[in-house]
Amino acid sequence: MQAILKRSMYRALTCFVALLTVGFAFWRWASTQAHAQTGEPRKPQEQAQGGMSTAGAHAAIYDAENRPITAGGFVDSGPIVFQDIAEQSGLTHWHHVMGTPEKTYILETVGSGVALLDFDNDGWLDIYLVNGSTYEALKGKAAAPHAALFHNNHDGTFTDVAAKAGVTNDRWGFGVAVGDYDNDGWPDIYVSNFGKNRLYHNNHDGTFTDVAEKAGVTLGNWSTGATFGDYDGDGRLDLFVPGYVHYDIDHPPIAGSPAVRFSYCQFRGLDVMCGPRGLKGEPDHLFHNNGDGTFTDVSEKLGVNDPQGYYGLTAVFADVNNDGKVDLLVANDSKPNYLYLNKGNGTFEDASYASGYAFNENGREAASMGIAIGDYRNNGLLDVYNTVFSDDYNPLYRNDGGGNFTDVSYQLGIAEVTIPFLGWGTGFLDYDNDGWKDLFVANGHVYPGVDKTDWGTTFAERPLLFHNIEGRKFEVIPPVKNTGLAQLFVARGAAFGDLFNDGRIDVVINQLDRVPALLQDVALMKDRHWVGLKLIGGPKSPRDAVGATVYLRAGNMRQRGDVISGGSYASSNDQRLHFGLGHCSTIDSVEVHWPSGRIEKLSLPEVDRYYSIEEGKGVARKIRQ
């Protein structure tokens with residue numbers, strides 16, 4: 001009863017805060033229009049209305065060599081965690097392209113995602129990199145840039161087989177989600193675009209066929225970071241596709257035009273591309289899997305269609321209240337975030353405000369880009385981390401149980417350091433196999449002009465890595481010169497997984513208008529152990545086990561891992577579950593909660609191995625390659 005009363009009071013309070021926030025936003029908009037008509041000078045906070053929602057201008061931070069901290073702060077020595085091996089691995093022959101270098105319009109700035117998947121079921125992760133496009137290509141006046149599908153050669157190198165596989169996309173691409181939607185045991189690929197989306201069905205022979213038209217999931221206009229998940233428990237993966245901005249390529253958003261609600265588009269007084277604020281939003285879509293290769297759009301029926309027209313960038317299906325049903329989180333740019341709790345009867349409850357996830361600690365919406373989800377405290381609850389725009393901090397939402405969250409970024413000491421950075425791809429990963437999930441953030445600005453300002457930020461930015469101190473706090477890992485953490489990226493999508501089957505989590509970053517990065521985990525492990533699990537669902541679960549949860553106990557530590565499709569920023573991670581074990585050389589127990597509702601308790605004979613676990617059939621040993 002006390003828990004119910006607490007949640008009711010919290011819901012009332014957060015709704016009141018939401019009303020105040022909306023009222024303040026309207027006041028700022030009305031004030032902006034008044035200034036536009038009278039010609040009075042605009043204040044800095046009003047200038048932000050022309051683009052992104054932030055906390056306002058912050059003082060610049062420079063390092064000892066007078067470099068902005070986003071491109072500096074390097075140290076001579078310290079823990080070496082990542083090295084970029086993209087060139088020697090063969091990835092740098094491919095180049096991302098999106099619009100023009102000037103980034104005049106918002107369509108050119110958001111960048112694209114990346115997926116890690118074993119498309120040929122050979123036991124090694126391959127890499128799919130989404131590409132953008134150009135205006136000339138859209139008009140048919142130039143060849144379209146191709147997406148890349150890098151096949152893992154098992155020797156540290158990769159070969160682009162996208163053309164042979166039939167997955168070049170050749171459209172203006174943004175997001176990618178991986179899921180076995182037809183339960184045939186082979187991963188399929190959904191690519192979200194500006195224009196029609198693609199659903200690539202895996203043909204089991206190294207090729208794919210685009211079946212999006214037949215499946216009914218092409219949509220149109222601007223789709224972003226999709227996610228697969230079985231929301232109604234019928235054993236088939238459904239598909240959620242967030243929409244960003246409704247964009248007219250023939251009438252692009254220019255300040256003062258009918259497409260833009262504001263008479264100017266500025267950030268900190270600098271003229272910039274317009275949006276997303278002031279632009280019309282694109283609705284979200286939830287597609288129910290009919291089990292016959294087709295989907296039905298049920299988003300409006302279930303109330304998850306985003307009638308407010310918010311700017312969705314990334315979505316994730318995950319069970320955040322531990323009731324065995326996947327819930328739905330949506331990171332919205334410059335608008336409140338969404339959290340839809342699964343009611344277990346095929347419908348959702350909009351708990352965005354009541355849960356505490358809609359806003360940050362200050363009761364304010366942020367320009368959310370990416371989502372990391374994981375149990376950083378090892379207490380069995382999934383916590384959520386969002387990346388946001390510069391001049392604001394990235395919020396870490398602690399899961400308090402029952403679908404309630406508290407922003408604890410400042411409490412954990414990881415808020416202020418992120419303010420100069422503009423974050424995109426992000427993920428929880430145990431980079432040193434100590435059993436505690438650490439946190440990685442890929443960064444990069446959207447305005448090329450920031451390099452000519454004194455704001456203390458840059459267009460290309462270094463990534464951030466936070467080391468988890470036993471769930472109590474995080475500490476920043478310093479960027480050692482000539483290592484991956486000291487490199488500057490115009491990062492967008494980032495995906496996390498063990499590319500070399502060595503029990504270490506690597507990171508692939510898709511850069512805007514640049515070649516990709518492959519950050520290999522080279523951290524000193526100090527004889528630490530690990531185990532990896534590939535789950536295979538039974539007849540009443542999705543075959544790829546998306547939505548399954550594993551609890552693993554080793555020593556005095558109990559960890560949680562979830563099979564998830566989507567997340568980060570418009571990307572999809574390795575769906576095998578990785579557990580760092582520290583110095584434990586034995587595993588006490590493994591408990592698998594399958595999407596069907598079945599719970600199995602298993603034992604694993606050795607560590608430092610991958611195992612395949614099939615629902616109802618137990619463990620099959622998989623030799624470490």
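How many disulfides does the structure hold?

## The disulfide

The structure holds one disulfide, meaning a pair of cysteine sulfur atoms within 2.5 Å. Keep in mind that this is a predicted model, where local features need pLDDT of at least 70 and side-chain atom pairs count only at pLDDT 80 or more, while totals for chains, interfaces and linings use all residues. Residues are numbered from 1 along each chain as its sequence is written, and side-chain values use heavy atoms, with hydrogens and water left out.

The bond links Cys265 with Cys274, at 1.9 Å from S to S. Its S-S torsion is about 105°, so the disulfide is right-handed. Both Cys265 and Cys274 are buried (under 20% relative accessible area; exposed is over 50%, partly exposed in between, with a 1.4 Å probe and protein chains only). Cys584, at 24% relative accessibility, counts as partly exposed.

Now for some strands (DSSP runs of E, at least two residues, numbered from the N terminus). An open antiparallel sheet runs in the order β2-β3-β4-β5. Its edges are β2 (114–117) and β5 (158–160), each with a single partner strand, so one side of each has no neighbour in the sheet.

β2 pairs with β3 (residues 126–129) over four bridges, in the antiparallel sense; pairing takes at least two bridges found by DSSP. Ala115 sits opposite Tyr128 in β3.

## Around Asp608

Look for Asp608 in the loop between β36 (599–602) and β37 (610–614). Asp608 is buried, because its relative accessible area is 15%. From Asp608 to Leu382 it's 226 residues in sequence and 25 Å in space, C-alpha to C-alpha.
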